Amino acid sequence: MTPAALRDALAAVPSIPLAAQPTPVEPMPRLSTLIGGGPRLLVKRDDAIAFGFGGNKVRKLAFVAAHAQAEGADTLITAGGVQSNHARATAATAAKLGMRAVLVANGTRPEKPTANALLDALLGADVVYVDAREARLPKMNEIAERLRADGRTPFVIPVGASTPLGALGYVQAVLELLDQMPAPDVIVHATSSGGTQAGLVAACRLLGLATRIVGISADEPAVAVQAQVRMIVQGIGGLLRLTDDALARGTAIEIDDRFVGDGYGIPTSASREAIELAARTEALFLDPTYTAKAMAALIAYVRKQRLKEGQTVLFWHTGGQVGLFA
């Protein structure tokens with residue numbers, strides 16, 4: 001499939017221009033030198049998206065919110081942790097579109113909101129707290145039913161907006177990247193609910209790119225994330241009206257879960273080092289939950305020569321830097 005044909009297919013799916021594009025691609029020479037040289041290192045700056053403090057969720061919500069709007073929704077409901085980047089981006093989207101936002105957060109209500117929780121409050125979102133991750137979906141559905149009974153029109157967005165529709169944001173992002181540079185040999189990024197990686201993998205398969213997409217898990221075992229990514233990739237074909245086998249072959253679904261450490265949102269010595277090195281060499285701010293662990297993996301790959309001289313390696317910064325203020 002040509003880039004032009006893929007652009008045409010994407011143009012048939014409604015989206016809302018929440019943020020100006022493209023985001024910058026920048027070299028990381030000082031970081032590269034400090035960790036031993038080797039491949040050419042670049043960073044794609046989705047942390048620099050201006051809308052709602054940016055991040056990968058803005059690209060996904062551009063498509064998901066357009067669908068909600070087309071269905072006449074007046075309320076966006078979603079879920080995440082207390083410091084969820086996705087919840088914050090959803091609250092920002094709701095505010096921009098004149099909708100109400102209801103966020104279901106697993107965790108304890110903070111005595112003094114900070115970081116994303118503070119932004120959720122400033123954006124006017126209603127936050128409902130539950131004890132565990134498993135309670136989030138039932139609570140979202142319960143809230144949606146209650147709102148419908150009250151005459152409202154809610155729209156439930158799964159965690160991370162990681163659906164085939166949301167993943168189109170990163171199919172589109174690959175086309176954006178190809179307007180900025182030749183396809184890199186490797187893309188390294190943080191992965192969790194799978195939507196970002198699904199979009200990257202789907203685009204590479206459709207365009208016939210040999211780029212390796214390496215997702216660094218922030219929480220789940222590799223096999224679980226891989227299954228989620230595969231399911232989302234399969235759903236993208238239908239949205240773009242492609243044949244059943246258009247997405248069946250090509251780029252592998254590669255997940256590395258060795259950098260999770262003791263669990264989701266719990267820093268490791270390697271992720272702490274990554275935060276410091278990125279800031280002190282390239283003035284890049286990473287978050288403790290996602291991008292720091294992905295950068296820790298990239299640093300380890302270079303040091304262990306798993307990525308080599310002559311390769312172009314792109315770190316896709318998916319945002320989340322607000323988490324530094326939690």
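**A tour of strands and pockets**

Select His 189 first: His 189 stands opposite Gly 215 in S8. The model is predicted, so local features need pLDDT of at least 70 and side-chain atom pairs count only at pLDDT 80 or more, while totals for chains, interfaces and linings use all residues. Residues are numbered from 1 along each chain as its sequence is written, and side-chain values use heavy atoms, without hydrogens and water.

Next, show strand S7, residues 186-191, which is joined to S8 by 6 bridges and runs parallel to S8. Strands (E, at least two residues) and helices (H or I, at least four) are DSSP runs numbered from the N terminus. Two strands pair if DSSP finds at least two bridges between them.

Follow the chain from S7 through helix H8 (residues 195-207) to S8; this β-α-β crossover is right-handed. That term means that, with the strands pointing away from the viewer, the path from the first strand over the helix to the second runs clockwise.

Stay on S8, residues 212-217, where 5 of the 6 residues are buried (under 20% relative accessible area, with exposed over 50% and partly exposed in between, for a 1.4 Å probe and protein chains only).

Now move to the open sheet of 4 strands, ordered S5-S4-S3-S6 with parallel pairing. S5 (126-130) and S6 (154-156) are at the edges with a single partner strand each, so one side of each has no neighbour in the sheet. Select S3, residues 75-81, which pairs with S6 over 3 bridges; Leu 76 stands opposite Phe 155 in S6.

For the last stop, turn to the pockets. A pocket is an open set of points on a 1 Å grid over the protein atoms alone, where a 1.4 Å probe fits, with protein on both sides within 12 Å along at least five of seven lines; lining residues have an atom within 4 Å of a point. The largest pocket has a volume of about 660 Å³. Select Val 159, Gly 160, Ser 192, Ser 193 and Asp 219, the closest to its centre of 36 lining residues. Elements supplying at least two lining residues each include H3 (56-70), H4 (85-97) and H9 (222-239).

The second largest pocket holds about 230 Å³ of space. Gln 83, Ser 84, Tyr 264, Gly 265 and Thr 289 are the closest to its centre among 18 lining residues.

Methods: Points joined across faces, edges and corners; volume = space filled by probe spheres on them.
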